[in-house]
Amino acid sequence: MTATAPKPPQHQPSGLDQRLLRRVMGEFSTGVTIVTYRDAEGECRGATMNSFTSVSMDPPLVLVSVARQARACAGLDGNPFTVNILSANQLAVALHFAGQPDPDLSVPWHEAADAPPRLLGSTAWLQCQPWQTYDGGDHVLVLGQVVRHDVRAIEPLTFHRGEFRRLGLKMFQMPRTVSFDGRPAVEWAASLHQLHGLAERGVGPDDCLDL
Ligand SMILES: Cc1cc2nc3c(=O)[nH]c(=O)nc-3n(C[C@H](O)[C@H](O)[C@H](O)COP(=O)(O)O)c2cc1C
C-alpha cells in the first residue's frame, strides 16, 4: 500500500469466473511499457506494464494501473517516473522487469541528474511528474503529468492473449478493394486481410474457416 493512494472500499466478491475474465481482458491488444523510476536508495528500477493509457492533452496526463503488491506501487508514490514504450527488439528487457530477472542482462539505462531514469532503445518515452493516484481495487491508478517526451519510428512490441507479438499488417496495405458503386468495401477488405493472414500461416482453402 502506498502512502497516498486511497484504500479500496469494502466490496462483495464478484462471483465472476476470473480465468474467463482474464481471457476476455486479453482480447484487448496493447503495446508494452516499462515504467522506470529511482527507489528510495536512488537505484534505477523498472516494472513492465501494459495498462498504460493516455488520459488528457491539456494538461498532458498519462495513466498506469499498478498492482498494490508490486514494488513499483510504493516506488511510484509521489515520485517522478518515465514510461518507456518498448520496441519489438526489447523482449528480453520486458521479461527482465516482469518478474523474470536475467542476471546476465545489461540494462541500457539513460541516467541524468535532473530526471528519472529511462531506457535506451525504446520506440518512445514520456517523462512524468506525479499528478494524482486513485483507488483501482487491487491496483492503484497512477496519473503522471508529461514534462518531456520523444519518439522514434521503430516497430513496437505488442501483447495479445497473454503473448508478446509483433505488429500485424496495416489494414490498408492490403489489395485495394472497391465495390461496384465505387465506394471502398471495408467488409471485403477485412475478409481479404484475414485470408492473407491464413495464407501466411499456411492454412489452405480446404481448411477455410468462418470469415
Ligand atoms: C506484458 C505484461 C504487462 C504487465 N502489466 C502490468 C501492469 O499494467 N501493472 C502491473 O502492476 N503489473 C503488470 N505486469 C506485471 C509486472 O511486470 C510484474 O509484477 C513485475 O514483477 C512488477 O515488478 P516490481 O514488483 O519490481 O514492481 C505486467 C507483466 C507483463 C508480462
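Before the structure, one term: a residue is buried if 20 or more other C-beta atoms lie within 10 Å of its own, exposed if 12 or fewer, and partly exposed in between, with C-beta atoms placed from the backbone. What you have above is a predicted model, in which local features need pLDDT of at least 70 and side-chain atom pairs count only at pLDDT 80 or more, while totals for chains, interfaces and linings use all residues. Residues are numbered from 1 along each chain as its sequence is written.

I start with P80. P80 is partly exposed, because 18 other C-beta atoms lie within 10 Å. P80 sits in the loop between α2 and β6 (81-85); helices here are DSSP runs of H or I with at least four residues, strands are runs of E with at least two, and both are numbered from the N terminus. Which residues does P80 contact, leaving aside its neighbours within four places in sequence? They are Y37, P116, C128, Q129 and P130, where contact requires C-beta atoms, placed from the backbone, within 7 Å. P80 and W131 are 51 residues apart in sequence, and their C-alpha atoms are 9.3 Å apart in space.

Now the chain as a whole. There are 4 helices and 12 strands. Of the 211 residues, 23% are buried. Among contacts in the chain with a separation of 6 or more, 62% are between residues 24 or more positions apart.

Next, the sheet. An open sheet is formed by 7 strands, in the order β3-β2-β6-β9-β10-β5-β4, with antiparallel pairing; two strands pair if DSSP finds at least two bridges between them. β3 (44-49) and β4 (53-57) are at the edges with a single partner strand each, so one side of each has no neighbour in the sheet. On average, neighbouring strands of this sheet are turned by 35° against each other, direction ignored; the axes are lines fitted to C-alpha atoms, for helices over the stretch in contact, and angles run from 0 to 180 degrees between N-to-C directions. Inside the sheet, β9 (residues 124-136) and β10 (residues 139-151) pair in the antiparallel sense over 12 bridges. In that pair, L126 stands opposite H149 of β10.

From D58 to P59 the bond is cis, with omega near 5°. P59 lies in the loop between β4 and β5.

Last, β11 and its partners. β1 (residues 30-31) pairs with β11 in the antiparallel sense over 2 bridges, and G31 stands opposite T158 in β11. β11 (157-160) and β12 (163-166) have R161 in the loop between them. These strands run antiparallel, joined by 4 bridges, with H160 bridging to E163 in β12. β11 and β12 form a hairpin with 2 residues between them. Phi of R161 is near 50°, a positive value in a residue other than glycine.

Methods:
Contact = placed C-beta atoms within 7 Å.
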